[in-house]
Amino acid sequence: MATPLTDQEKRKQISIRGIVGVENVAEIKKGFNRHLHFTLVKDRNIATPRDYYFALAHTVRDHLVGRWIRTQQYYYEVDPKRVYYLSLEFYMGRTLQNTMINLGLQNACDEAIYQLGLDMEDLEEMEEDAGLGNGGLGRLAACFLDSMATLGLAAYGYGIRYEYGIFNQKIRDGWQVEEADDWLRHGNPWEKARPEYMLPVHFYGRVEESQEGSRWVDTQVVLAMPYDTPIPGFMNNTVNTMRLWSAKAPNDFNLRDFNVGDYIEAVLDRNLAENISRVLYPNDNFFEGKELRLKQEYFVVAATLQDIIRRFKTTKKGAGARTSFQGFPEKVAIQLNDTHPAMAIPELMRIFVDIEKLDWDTAWDLTKRTFAYTNHTVLPEALERWPVELLETLLPRHLQIIYRINQSHLDSIASLFPEDMDRLRRMSLIEEDGGKRVNMAHLCILGSHAVNGVAQIHSDIIKTSVTWRRSTAWRSTRPPCSTFTSRGSTSTSASCSTACTSSPCTTVRRPAPHTTTLPGHYRDITGTLPSHKHFAHVVYKGATQIVLLCYPQSTISQIVTQLYSPDAADSLCLIGYILSQSECFLHSISLSTQVIQQFFTLKYKINLKISLRQLIYYEVNPRRARAGQSKTILRFIFYVILCLPLQAAPGYHMAKMIIKLITAVGDVVNNDPVVGSKLKVIYLENYRVSLAEKVIPATDLSEQISTAGTEASGTGNMKFMLNGALTIGTMDGANVEMAEEAGEENLFIFGMRVEDVAALDLKGYDAMVYYKRNPELRCVMDLITSGYFNPKNPDLFKDVTDMLFKYDRFKVFADFDDYVKAQEKVSKLYQEWTKMVIKNIAASGKFSSDRTISDYAREVWGVEPTDLKIPPPSEPREAIDETAARALNKM
């Protein structure tokens with residue numbers, strides 16, 4: 001009888017040392033031990049799991065540094081046109097695994113960590129999510145940086161190094177509780193401080209006029225300290241830079257005050273200055289005009305433009321530094337990610353006119369040719385409008401420049417439409433209804449040579465209704481401008497913590513442990529097909545071309561078992577996480593419905609529509625189940641997991657009330673003796689990139705149900721599509737293009753279209769009409785109103801119901817009948833699910849951020865993506881000279 005294997009012997013059986021070069025594994029182990037000893041000053045007897053993570057992170061970073069330096073040397077030699085991406089958010093998530101994948105180190109690191117007796121998944125879980133973003137805008141920026149490096153573009157990301165992220169969300173008795181997101185408390189192994197490039201940023205003061213021009217004087221100075229993070233491309237040795245600015249006071253504290261015992265006053269000025277980069281604002285989709293927010297926005301653009309001009313002037317080509325700015329747009333492209341960095345336009349004008357002494361017309365021409373603008377919102381409550389009084393106090397010279405830009409603009413409009421005062425009012429940068437305010441979206445459009453929304457429908461709405469209704473001011477890129485860029489990785493384990501495909505809004509280069517070239521579901525599909533004649537899968541960089549030729553029924557049957565078995569790896573990953581976070585016991589998941597929406601201001605209150613319509617429906621479902629009316633649904637679904645990772649910004653009352661309502665309904669549903677065994681409502685708190693990496697791959701049904709014409713794009717919908725989830729949604733945002741690519745019959749589309757919403761607006765929306773017409777809707781709303789979900793305080797949810805009946809401009813009830821019918825269609829078609837999944841995955845190639853960045857590069861920035869591979873650090877210095885020479889010959 002064979003001797004049972006020990007755990008160590010079992011682990012040896014799954015070793016990948018035969019796949020990876022022994023020398024690579026030995027090098028990783030040597031670097032790991034060196035950093036544990038010399039960097040962290042620990043040995044194995046006292047080292048903690050976090051120490052092991054830092055040792056591994058520093059080891060991987062060592063492989064980045066040589067490539068990082070080589071890349072910057074190459075840019076200096078070739079002097080290409082550089083792209084600068086300005087964003088107040090970069091939602092990077094975790095860095096370790098993505099870096100290992102892009103450098104081709106995943107297998108070697110897995111084997112080295114295994115041989116050291118450690119668990120790779122445990123180390124990866126030690127990494128904090130970078131607190132640099134809170135939603136789709138920031139995740140898009142992170143994906144774009146990845147794609148720009150992968151496509152060989154000389155690109156830089158610029159933002160703020162927030163000391164604290166938005167917050168960590170906890171749910172206590174159904175209520176949201178916020179905790180500080182101190183993501184830097186243990187340090188960040190990926191960043192490098194650059195105090196030698198510290199720059200001054202000015203605020204307040206006054207403007208002096210003289211014969212030499214205007215001078216901004218008597219200002220308060222804050223120093224901008226740069227921290228650089230490497231951004232590696234996928235397997236091309238290109239490592240670009242994300243530079244984040246941290247605010248520092250010119251002096252640490254006032255020694256005179258300290259000496260006389262006034263300790264608080266001694267550090268007050270320092271704290272006021274450093275507050276600029278202290279906390280990430282929670283309002284990515286809602287405008288709240290506070291002085292600190294304006295300070296943040298100007299702080300990042302002022303420091304960035306100084307850095308850009310320094311780099312522009314420093315060149316190896318030609319005789320010395322550049323002194324002429326005539327070629328500035330041929331060497332510099334600046335992309336504004338939404339209106340937050342809009343002050344870059346008057347700031348560049350100030351530099352050109354006041355400091356570099358260019359005439360106004362030349363400066364304005366150069367500025368317009370340099371900037372491009374991506375708009376993320378069409379709703380008025382999210383558009384930035386800064387009060388003139390605040391600008392006059394904080395940035396007086398910039399207000400003068402904005403006034404002059406506006407006057408020149410209105411003069412040109414008046415020459416074309418001399419009697420049209422309404423047009424002048426509508427197209428002015430300065431709004432005067434309710435006080436003078438500067439419309440930052442109008443400033444961005446006027447000061448940019450290219451403008452786009454983040455989905456085709458979004459661009460069309462901006463052109464026709466939101467801004468100036470003047471198409472000549474536009475040159476749009478091909479939207480949508482978002483989504484994924486990932487490639488897979490190979491893992492040695494199928495444990496819950498590793499069985500996650502690509503993260504949201506990423507690129508398939510984020511964790512996908514099933515394969516080295518494709519995300520998990522891609523591999524599952526292609527791995528079961530008998531030959532490529534049935535399934536053609538073409539991948540370059542991102543999944544830009546994925547073509548499904550035909551769907552043999554025998555093939556569909558083979559795929560079903562892998563993708564949708566109860567013990568599927570992705571489902572097990574999510575189940576394991578849910579069990580660790582809640583007391584709810586789950587046996588299996590057949591259909592998991594995820595709504596991934598950030599709840600910062602209800603995502604312009606769209607989330608109210610999303611969550612309440614869905615919540616009402618899932619209260620209807622238990623009632624049907626109890627009445628025996630859901631046989632079709634219950635035949636195929638053993639557990640429906642409704643996960644709602646929503647976050648309400650601390651000051652938003654309505655968002656918090658909705659979260660409380662969700663948890664209250666969950667308490668009723670989960671404890672029902674009949675329904676509780678078939679339906680579970682589980683609230684996953686503290687949604688973030690690393691949680692999404694678990695949720696999205698395990699999702700089967702993606703709910704994207706905003707009112708048509710109100711969602712800019714949606715960043716999660718494309719990631720769900722890539723990972724095999726089908727979409728139930730309205731014809732809004734990127735859903736429109738997803739339906740075009742996959743076929744509307746392969747999505748569950750319902751509800752009003754844009755023209756229907758416009759018609760209902762003209763007619764007038766009356767929620768009571770729909771309430772009286774639909775018995776199920778009426779019954780559920782009566783339950784909420786009566787206090788059924790909170791008997792101790794029956795009026796707890798009165799604000800929510802009042803809003804639905806009296807103030808709902810998103811018309812939640814209007815689409816409800818169609819939504820229920822679409823959900824019934826979901827249940828009936830679940831047996832045909834996989835065929836639709838394959839068609840969706842096969843059509844998802846368009847939504848690669850690699851494709852998007854290629855379009856931006858050619859159509860907006862005037863640069864060409866390249867497959868040129870920079871020589872690795874192991875090759876001699878002459879290799880980079882030869883590479884630069886070849887590149888120069890092509891220019």
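**Lys 719**

I started at Lys 719 and found it in helix 26, residues 716-722; helices here are DSSP runs of H or I with at least four residues, strands are E runs of at least two, and both are numbered from the N terminus. This is a predicted model, where local features need pLDDT of at least 70 and side-chain atom pairs count only at pLDDT 80 or more, while totals for chains, interfaces and linings use all residues. Residues are numbered from 1 along each chain as its sequence is written, and side-chain values use heavy atoms, with hydrogens and water left out.

I looked up the UniProt record next: an unreviewed entry annotates Lys 719 as "modified residue: N6-(pyridoxal phosphate)lysine". UniProt positions follow the numbering used here, feature names are shortened, and annotations may be inferred rather than shown by experiment. Buried or exposed, I wondered about Lys 719? Lys 719 has 0% relative accessibility, so it counts as buried (buried is under 20% relative accessible area, exposed over 50%, partly exposed in between, with a 1.4 Å probe and protein chains only).

**Ala 739**

I moved on to helix 27, residues 735-742, which holds Ala 739. Ala 739 is buried because its relative accessibility is 6%. Leaving out residues up to four places away in sequence, I have Ala 739 touching Met 731, Glu 744 and Leu 747 (contact means heavy atoms within 4.5 Å). I also checked Ile 749, ten residues from Ala 739 along the chain: their C-alpha atoms are separated by 8.5 Å.

I sorted strand 6 (residues 199-203) by face: Leu 199, Val 201 and Phe 203 are on the covered one, Pro 200 and His 202 on the uncovered one. Strand 6 pairs antiparallel with strand 9 (residues 220-232) over five bridges; pairing takes at least two DSSP bridges between the strands. Pro 200 sits opposite Leu 223 of strand 9.

Tyr 204 is in the loop between strand 6 and strand 7 (206-210). I noted its positive phi, near 60 degrees, in a residue other than glycine. Tyr 204 is at 19% relative accessibility, so it is buried.

**Asn 237**

I found another positive phi at Asn 237, about 65 degrees and not a glycine. Asn 237 is in the loop between strand 9 and strand 10 (239-248). Its relative accessible area is 11%, so Asn 237 is buried.

**Helix 10 against helix 12**

Last, I looked at which residues meet: Tyr 298, Val 301, Ala 302, Leu 305 and Ile 309 in helix 10 against Ala 344, Glu 347, Leu 348, Arg 350 and Ile 351 in helix 12.
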